[in-house]
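Here are my notes on the model. Please read them alongside the coordinates.

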Amino acid sequence: MVLLHLHCKNTGTASNRVRLQIPITTPKQQIVYKKSVVHYNVPASSFDTHTILYARIKGGGTDTFSQEELLNTTGVGAVLPIEFDPEARRTEADYHIRFNASHIGKDIDIEFFKDDGITAQDLHASTDKTIRSVDIYFEIYDISKTLEHK
């Protein structure tokens, strides 16, 4: 097994989009969503009411998860739910959700949305009520397939 860690942080400008690069590509195979960690800029007062984020992950230009894999009531397609507590600076959540992921290329584009699945959730370092960073962890089961596609 291989651990795929996607560390998403602000780039200095508030944006809900992050581009990451990984050293290998993976073919379509089963992966497990294991953990998320959200770092949040907690305001002094007037807490945010959102308690979940959604992430749309595209690896190699296509959705990593199909709508058949991630059914939800947001109506916006295949988005991954990420738990977070708007009253805490750090929210860590454990999962064990198995997916059949499509091909994941070396370039991974991730977009974050608020709990409606539509409104952009920016990553920003210095503003209250914003997400500073999100870490998403997956287990990739078949390492031999992954190594074959370097």
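1. Where in the chain is confidence lowest, and where is it highest? The model is predicted, so local features need pLDDT of at least 70, side-chain atom pairs count only at pLDDT 80 or more, and totals for chains, interfaces and linings use all residues. Residues are numbered from 1 along each chain as its sequence is written, and side-chain values use heavy atoms, with hydrogens and water left out.

2. Confidence is lowest in helix H1 (residues 143–148), at a mean of 52. It is highest in S6, at 91. Here pLDDT is the predictor's confidence in each residue, from 0 to 100. Helices (H or I, at least four residues) and strands (E, at least two) are DSSP runs, numbered from the N terminus.

3. The chain averages a pLDDT of 79. At least 70 is scored by 77% of the residues. Over residues 146–150 pLDDT stays under 50. The model has nine contacts (heavy atoms within 4.5 Å) for that stretch beyond four places in sequence.

4. The largest nonpolar core has 31 residues. Such a core is a set of buried Ala, Val, Leu, Ile, Met, Phe, Trp, Tyr and Cys residues joined through side-chain atoms within 4.5 Å. Strands giving two or more residues include S1 (2–9), S7 (90–101) and S9 (130–140). S9 gives the most, with five.

5. Cys 8 lies in strand S1. Cys 8 is buried, at a relative accessible area of 0%; buried means under 20%, exposed over 50%, partly exposed in between (1.4 Å probe, protein chains only). Beyond four places in sequence, its contacts include Val 18, Ile 110, Phe 112 and Val 134.
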